[in-house]
Amino acid sequence: MEIAAYMSKVGQQARRASREIARSDSATRNRALELIAAAIEREAAALRSANAQDVDAARAAGLDAAMLDRLALSGAAISTMVAGLRQVAQLPDPVGEISNLKVRPSGIQVGQMRVPLGVIGIIYEARPNVTVDAAALCLKSGNAAILRGGSEAIRSNRALAALVAEGLAGAGLPADGVQVIDTTDRAAVGLLATMPEYVDVLVPRGGKGLIERLAAEATVPMIKHLDGICHVFIDAAADMDKAQAIAFNAKCHRYGTCNTMETLLVARVIAPAVLPRLATLYAQQQVELRADEEAYSILQGYPQLARATDADWSTEYLAPVLAVRVVAGMDEAIDHINTYSSRHTDAIVTENYSDAMRFLREVDSASVMVNASTRFADGFEYGLGAEIGISNDKLHARGPVGLEGLTSLKYVVLGHGEVRT
C-alpha cells in the first residue's frame with residue numbers, strides 16, 4: 001500500500017502540474033530548458049560522482065559491458081545532454097498551432113488546434129541521458145512527465161531530477177512538472193501503467209520483455225514498438241552500386257539498433273550478380289548469412305553460411321547475422337514483408353518509378369523507403385530535432401515520435417453568432 005500511495009501522489013502532482021505547463025507560453029518553457037542546461041553544466045562534477053556510484057554498483061552486481069557503457073555519464077555525454085536541451089529550446093513550438101481552417105456554408109470556420117497530451121509516463125532502462133531527453137521533449141510540447149528509469153541509474157537520475165526541478169521552478173513552472181520515480185521497487189512500473197486517471201500516454205523504452213509485459217498489463221495507451229525486423233528489397237530494376245551501398249550500410253552501420261536491416265530480399269533475375277558482391281563486403285565484417293535454398297546455392301563458399309529456418313524470417317538479431325531470401329519479384333517481396341515485418345522500416349532499391357510507388361503504397365510499415373538505408377529511420381534524420389521513441393502502431397503517432405507526436409489535435413470552431421437551423 002505504501003508504494004501505491006506514493007504513485008498516486010506522484011500522479012496527482014503530475015496532473016496538477018500538467019495544467020499549468022499546458023497554459024504556459026513557449027518563451028517560459030524555453031527558459032526552463034535553458035535553466036536546466038545551465039544547472040547541468042554547473043553541477044557536471046557532482047553528476048559524474050553520482051553516476052560513478054551507479055557504475056560501481058552495477059559492475060559489482062555483474063552487469064555486462066554493454067549495460068555499463070549505456071549507464072556511464074562521461075564528460076562528453078553530459079555536454080551532449082546540455083546541447084540537446086538547447087537544441088530542443090530552439091525547435092518550433094507545435095502547441096497552439098491552428099491548421100486546416102475552412103469556412104463552412106453556415107458561416108462558421110472549422111479548424112484544428114495542436115494541444116499537449118497532458119501527462120506522459122516514460123519507462124526506460126539504464127540510460128540516464130534519457131531522463132533529460134524525455135524531460136526536454138515533454139516540457140517543450142507542453143506536457144508534464146513521470147519518468148521511471150532503471151534501478152541501476154537511481155543515483156544519477158535523482159541528481160538529474162533535482163536539476164530539472166530547479167530549472168522548472170526558476171522559470172516559474174511547477175517543479176512537479178517532471179518527476180523521476182524515487183524508488184527501485186518494480187511495482188512502480190505496474191502502477192504507472194495502470195493509472196489512466198493520472199497518466200494520458202505511456203512510452204516504454206527498453207527491451208522486448210519490458211514492452212511485452214506492459215502491452216499485456218497497461219490500461220494507459222502506449223506509444224511503442226516491440227521489434228525492428230527491417231527489410232531491404234533489391235528489385236530487378238535496381239542500380240547495382242546503390243544496392244550494394246544500401247544493403248551493406250543498412251546491416252553493418254550498427255548492429256544493435258531497431259532500424260538495422262535483418263532480412264535481405266533479392267529479385268531472382270539480379271540475385272546471381274548482386275549477392276556475391278554483397279557477400280564480399282559482409283565477409284569483411286564477419287556477418288553470418290542465413291540463406292534460403294536459392295540464395296544458399298549462389299553463396300556456396302561463403303565462410304559463414306547457414307540454411308535459413310522459418311524462425312529466421314521473424315527474428316530481430318541485433319547482431320552480425322542476416323537472413324537472405326531470393327524472391328520471384330515485387331509480389332513475393334511485398335507478401336514476405338507484410339507477413340514477417342514488424343511494421344518498423346522497410347526499403348526498396350529500384351530505378352523503376354512504378355515499382356517504387358507500388359512499394360510505398362502497399363508495404364504496411366511506419367517508414368517505407370526508396371533507395372535509402374533503413375538506418376535513416378530516426379527522428380533527428382527526419383528533421384524532428386529529437387525523438388521520444390519510435391512507434392509501429394497505427395493510431396495517433398507512427399514512426400519516429402518527436403514534438404508533434406507528443407501532442408494531439410482538437411477541433412476549434414470560430415463563429416459570428418451563427419445558429420444551426
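Met-81, Leu-85, Val-88 and Ala-89 in helix 5 meet Asn-129, Val-132, Ala-136, Leu-137 and Lys-140 in helix 6, where contact means heavy atoms within 4.5 Å. By class, this contact of helix 5 with helix 6 has seven nonpolar, one polar and one charged residues; Ala, Val, Leu, Ile, Met, Phe, Trp, Tyr, Cys and Pro count as nonpolar, Asp, Glu, Lys and Arg as charged, and the others, Gly among them, as polar. The model is predicted, so that local features need pLDDT of at least 70 and side-chain atom pairs count only at pLDDT 80 or more, while totals for chains, interfaces and linings use all residues. Residues are numbered from 1 along each chain as its sequence is written, and side-chain values use heavy atoms, with hydrogens and water left out.

Helix 5 (residues 75-90) and helix 6 (residues 129-140) pack at an angle of about 10 degrees with their axes 10 Å apart, which makes helix 5 roughly parallel to helix 6. Angles under 35 degrees count as roughly parallel, over 145 as roughly antiparallel, 65 to 115 as roughly perpendicular and the rest as oblique. Axes are lines fitted to C-alpha atoms, for helices over the stretch in contact, and angles run from 0 to 180 degrees between N-to-C directions. Helices (H or I, at least four residues) and strands (E, at least two) are DSSP runs, numbered from the N terminus.

In the loop between helix 5 and strand 1 (98-103) lies Val-95. Leaving aside neighbours within four places in sequence, Val-95 is in contact with Arg-29, Arg-114, Pro-116, Ser-141, Gly-142 and Thr-407.

Four strands form an open sheet in the order 5-4-3-6, with parallel pairing; two strands pair if DSSP finds at least two bridges between them. Strand 5 (178-180) and strand 6 (201-205) stand at the edges, each with a single partner strand, so one side of each has no neighbour in the sheet. Three bridges join strand 4 (residues 144-148) to strand 5, and Ala-145 stands opposite Val-178 in strand 5. Helix 6 packs on this sheet, touching strand 3, strand 4, strand 5 and strand 6, and its direction makes about 165 degrees with that of strand 3.

A further open sheet, of seven strands, has the order 10-9-11-8-7-12-13, again with parallel pairing. Its edges are strand 10 (305-307) and strand 13 (367-370), each with a single partner strand, so one side of each is left without a neighbour in the sheet. The twist averages 20 degrees from one strand to the next. Five bridges join strand 8 (residues 261-267) to strand 11 (residues 321-327), and the bridge partner of Val-266 in strand 11 is Val-326.

| Helix | Strands touched | Direction |
|---|---|---|
| Helix 11 (residues 271-284) | strand 7, strand 8, strand 9 and strand 11 | about 150 degrees with strand 8 |
| Helix 13 (residues 330-340) | strand 7, strand 8, strand 11 and strand 12 | about 175 degrees with strand 7 |

The second largest pocket is lined by 13 residues, of which Glu-125, Arg-148, Gly-150, Arg-186 and Leu-210 lie nearest its centre. On a 1 Å grid over the protein atoms alone, a pocket is an open set of points where a 1.4 Å probe fits, with protein on both sides within 12 Å along at least five of seven lines, and lining residues have an atom within 4 Å of a point. Strand 3 (119-124) and helix 9 (208-217) each supply at least two residues of this lining, which by class has five nonpolar, three polar and five charged residues.
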